[in-house]
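Please look through the sequence and the structure shown below, and keep both in view while reading the report that follows.

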Amino acid sequence: MFSFTKEQSVFDISEIKIGGQPGVYPTVLFGGLFFRGEPEFDNAEKQIQKMLYLSNKTGNPAIPDFFIKKEENIEKIINFIEKTLPKNYPFSIDIIEPDLKIKTLEYLYKKNLLSRTIYNSIHVGIKNEERETLKKYTPDSAIIVAFNPRDKSPDGKIEVLDNGAHLIDAGLIALTKQLGIEKILIDTAAMAPGDNSGASIAAIPVIKEEYGLPTGCAIHNVVEKSKWLEEFKSEKKIVDASSNINIPLFGGDFVIFGPIENAEMVFPIIAWQDILISEYTQNYFGVNPEKTHPRRKLFK
Amino acid sequence: MKNVKTTVVGSYPINIDNMELMKGYFEQKNISWNKYIDSAVNDMISSGINMVSDGQTRDSFVNIFTRKLKGCRIRGRTEIIDKVEYNGPITLDDQKYIKNKIPNSTQLIGLITGPYTLTKSSVDLFYNDEKNLAFDFAYALRQEAIELQKYVDLISIDEPFFSINLPEYGKDLIRIVTSNLNCPKRLHVCGDVSNIISELLDMPVDILSHEFKTSPKLFNEFKKFNVSKNICLGSVCSDNIKIETVDEIMSHIVKGIEVFGEKITQLAPDCGLRMLPRNIAFQKLKNLVDAGEKIYGG
């Protein structure tokens, strides 16, 4: 369990606190809404309500992560966000295609939602048009994916954050700041099984110590792609959910835990882990958990 | 061109599609670099080059090595944070991959960035002693060279920092890297080497490679010595987008023959081509091959 010598940033994203020394703030949990095919908003609303209930119960903040894969879904999904989420509640938009990112930013601006938006994500694939749009329609915060195709080790991730690894003209952190985004979260880029996937966990304390920025990842992706787990069908969900404890254990601040349907398993596991870490960090480092921390809420 | 090969010094430009790599990441695929190696090697083969390299597409010529050696970590520059040691093959998998793809008639160079250049390119946070660091780099690189020689036709050591400062132990470093190697060895030193020619001629290598195109004064400087080593004649600029014509390159080679005669065994660009646009790098190689064939026969 860690205490970092580098001063740790704590960001307030629409009243959700993220970052800091381990043991102070609860781990923030991102639950994915993938909307395969035609979006099923009734089910999505139920899942969001369930996640918010779990968040309220454990103290671990929940952020719905909305995947947008088709242009025709941009307005539908954003209108749904506006209608469904509590007033001023933050959310992230998770988009791969640059064109869709641009159109989504434009619509978020039109709907006056950029102040609640976590832009997921900025990475070495960023194009000039996307940069220009981000300058014009700047979201409150952004997740940087520290993927370096030249080097998947923690050092490689630092390199891409620091100088772009000679793949782009600037380090991803400086580039994001140049776009006007100050609240930066670092995703350590979990790789496929067998492709240095453990480095995404090992990189968490390295990046926290180097930059002091809130850091996490989607380690669940590694479980999802572990083919050998197909032989353990019923246990796979347990492995998936429990893989996430690695993130707070290594000092991380947020977990992108995959499908929102997994919230029921993930929230208590992470709350338990946060309590474990808090007990130790308070005793050893004298770090006090915030009043919303699971240790305060659940362990009385 | 039986006795004279057209070749390269090392790097070759590629166009990296960052978004494609990112999509591979998002789809949780194993990210392969082979496409970029193919791009460089195929260009070299298409241009008619006889002896190709891997193009050093993965990284800068320093980081390729320091990224994988124990004791080094990559930051803005390589930082030395522990004793430098060999930690397993560095470029070997790429060389094996290329060896299987190139025609039998095409030869392959194993590239090694020299120990002194790695030392001077790094920030030493551990040794506080440049010489000890350079020797540990040399011992580590020797292990890579021993592995490489099983798959390549020539090992080329790139030591640009020798032209700025050749340390009194420079020859010892090269001896360590090249000891027990059975394949031919080349030492490439770019920049103005006119003050260190006698030391270069004494290096434990078979071929010396220099920037004769950018520094034509080297012809006169080398004339002052009895050149016992074979020469890789730098014949097109690697840092200028102007494409030398075939006639221009032929004139240059003729000047080289006047100085070195049959000691010229390789024709190459002055240095790595990484900084040039790909189409220009390709045309420079093609013109180099055409000029070589016109002079030495096809």
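In chain A, the secondary structure comes to twelve helices and ten strands. The model is a predicted one, and every value in this report was computed from it.

**Chain A as a whole**

How does the radius of gyration of chain A compare with that of a compact globule of 300 residues? A compact globule with that number of residues would have a radius of gyration near 19 Å, and chain A, at 18 Å, agrees with this. Taken along the principal axes, the box that the C-alpha atoms of chain A fill is roughly 50 × 45 × 40 Å. Among the 300 residues of the chain, 61% count as buried, and, of the contacts in chain A with a separation of 6 or more, 71% are accounted for by residues 24 or more positions apart. The accessible surface of chain A is about 12500 Å², and carbon and sulfur atoms hold 50% of that area. As for charge, chain A carries 36 positive and 41 negative side chains, with the centres of the two sets 4 Å apart.

In soluble globular proteins, nonpolar side chains tend to be buried together. Here the largest nonpolar core has 181 residues, and those with the most contacts inside it are A:Phe66, A:Ile122, A:Leu161, B:Phe222 and B:Phe260. Helix α6 of chain B, residues 130-148, gives the largest share of this core, with nine residues. Apart from neighbours within four places in sequence, A:Phe66 is in contact with a set of chain A residues, including A:Leu33, A:Phe35, A:Ile48, A:Phe80 and A:Phe91.

Two residues, one from each chain, can be set side by side by their relative accessible area.

| Residue | Relative accessible area |
|---|---|
| A:Asp195 | 12% |
| B:Leu181 | 8% |

A:Asp195 lies in the loop between β8 (183-187) and α7 (199-211) of chain A, and this residue counts as buried because its relative accessible area of 12% falls under 20%. When its neighbours within four places in sequence are left aside, A:Asp195 is in contact with A:Lys152 and, in chain B, with B:Lys29, B:Asn30 and B:Ile31.

B:Leu181 has its place in the loop between α7 (170-178) and β8 (185-188) of chain B, and at 8% relative accessibility B:Leu181 is also buried. Leaving aside neighbours within four places in sequence, B:Leu181 is in contact with B:Ala145, B:Ile146, B:Gln149 and B:Ile155. Although B:Leu181 and B:Ile146 are 35 residues apart along the chain, their C-alpha atoms are separated by 6.4 Å.

How values were computed. Residues are numbered from 1 along each chain as its sequence is written. Chains are lettered from A and ligands numbered from 1 in the order in which they are written. This is a predicted model: local features need pLDDT of at least 70, side-chain atom pairs count only at pLDDT 80 or more; totals for chains, interfaces and linings use all residues. Side-chain values use heavy atoms; hydrogens and water are left out. Helices (H or I, at least four residues) and strands (E, at least two) are DSSP runs, numbered from the N terminus. Buried means under 20% relative accessible area, exposed over 50%, partly exposed in between (1.4 Å probe, protein chains only). Contact means heavy atoms within 4.5 Å. The radius of gyration is taken over C-alpha atoms; the globule rule is 2.2 Å times the number of residues to the power 0.38. Accessible areas come from the Shrake-Rupley method with a 1.4 Å probe; for residues, only the protein chains shown count as cover. Lys and Arg count as positive and Asp and Glu as negative; His and the chain ends are not counted. The place of a charge is taken as NZ of Lys, CZ of Arg, CG of Asp or CD of Glu. A nonpolar core is a set of buried Ala, Val, Leu, Ile, Met, Phe, Trp, Tyr and Cys residues joined through side-chain atoms within 4.5 Å.
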